[in-house]
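Dear colleague,

I am handing over the structure we spoke about, and my notes on it follow below. Please read them with the structure open beside you.

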Amino acid sequence: MPRVDADLKLDFKDVLFRPKRSSLKSRSEVDLQRTFTFRNSKQTYSGIPIIAANMDTTGTFEMARVLSKLWCLGVTSVLCPFQHTLFTAIHKHYTVEEWKNFAANHPECLEHVAASSGSGSGDLDKLCAIAEAVPALKYICLDVANGYSEHFVDFVKAVRGKFPMHTIMAGNVVTGEMVEELILSGADIIKVGIGPGSVCTTRIKTGVGYPQLSAVIECADSAHGLKGHIISDGGCSCPGDVAKAFGAGADFVMMGGMLAGHDQCLGDLIEKNGKKFKLFYGMSSDTAMKKYVGGVAEYRASEGRTVEVPYRGDVESTIRDVLGGVRSTCTYVGAAKLKELSRRTTFIRVTQQSSQMFA
């Protein structure tokens, strides 16, 4: 018989941070760097844990070159006392030759990028070829829409067997028991989120999903109990949402739509009525399916939108805005380090985020 879980589940829009006493004098005192040692790979990561999503419009080599720069209070500087980098999950459609060229020309980026892969036939062979061509690569992102299949769990085990020293990201899931399953199968970082993305239509087409804030809270609890980590993947539409994901316990936050429309995104500029746009689409959209596999198969439905995003120039200005917002959050709740944010977080339920008078 069907059952209904009547426990309250919340999304980013349903809460705000409650401010708390703070000894911080300025946003400049907040350190956004995190350092993690991963359960299975034993590797250590250090940087600002924000990830460009492995969509072909945002998870580009061009994006990686910008995000792997040194960031200080939103400004790049070699003189900065806080020298950090952001992370890029590179989309899975680059060829091995393109990976070799990127690695040869930008070896400094390889510490902060992941090679993405599906779990289909041929995916493991291509992943092995990339790893052989780029031995300095340390991170692998195993990305499927439905991380609950037994096939995917077996695939994670197989990849761990092939790459015992690499750090493996895997998902997507939204419940604690599957987070534990994937960590115990060899993954280090679990991608959390089903349907929250701005160009994802999974919830509409399938009726499947989970409010993202609650998913992050519950999955972080399960992962951290096993010394694993999670990525909040999807659902962020503004810097405040990124901060809420960290406050809920996410170790990393992955952004797609917030990074769309920039110079570093794949695709040509489109001009309409004197305004400039770039295409942004889900990787299960009709656009992506036609581009990579000749169209949507008869047995399935497209689960992604294609939208025209206003052109936004260089991504650096957006990154400054995001980092500045998260720093401000930390000052409001008294967290001197991003690491402290979840411990300083009390969410309050709300019916309205902000006044929409001039929205």
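Is Arg320 buried, partly exposed or exposed? In this model, which is predicted, Arg320 has a relative accessible area of 34% and is therefore partly exposed, whereas Glu316, at 12% relative accessibility, counts as buried. The side chains of these two residues, Glu316 and Arg320, meet in a salt bridge of 3.3 Å from N to O, and both lie in helix H10 (residues 315–333), 4 residues apart, or about one turn of the helix. Lys69 is linked with Glu316 and Arg320 in a network of salt bridges.

The whole structure holds 9 salt bridges, and another of them joins Glu111 to Lys138, with the closest N and O atoms 2.9 Å apart. Because Glu111 lies in the loop between helix H2 (96–105) and strand E6 (113–117), and Lys138 in the loop between helix H3 (123–133) and strand E7 (139–143), this pair ties together parts that are 27 residues apart in sequence.

Turning to helix H5 (residues 176–184), its buried residues are Gly176, Met178, Val179, Leu182 and Ile183; seen down the axis of H5, they fall within an arc of 165°, so they line one face of the helix. The exposed residues Glu177 and Leu184 sit on the face of H5 turned away from that buried side, while the cover over the buried residues includes helix H4 (150–162) and strand E8 (167–173).

Lastly, the second largest pocket has about 260 Å³ of space, and among the 17 residues that line it, Arg34, Phe36, His224, Asp251 and Ser342 are the closest to its centre.

Technical notes
Residues are numbered from 1 along each chain as its sequence is written. This is a predicted model: local features need pLDDT of at least 70, side-chain atom pairs count only at pLDDT 80 or more; totals for chains, interfaces and linings use all residues. Side-chain values use heavy atoms; hydrogens and water are left out. On a 1 Å grid over the protein atoms alone, a cavity is a set of points where a 1.4 Å probe fits but cannot get out, and a pocket is an open set with protein on both sides within 12 Å along at least five of seven lines; lining residues have an atom within 4 Å of a point. Grid points are joined across faces, edges and corners, and a volume is the space filled by probe spheres set on the points. Buried means under 20% relative accessible area, exposed over 50%, partly exposed in between (1.4 Å probe, protein chains only). Helices (H or I, at least four residues) and strands (E, at least two) are DSSP runs, numbered from the N terminus. The arc is that of the directions from the helix axis to the C-beta atoms. Contact means heavy atoms within 4.5 Å. A salt bridge is a side-chain nitrogen of Lys or Arg within 4 Å of a carboxyl oxygen of Asp or Glu.
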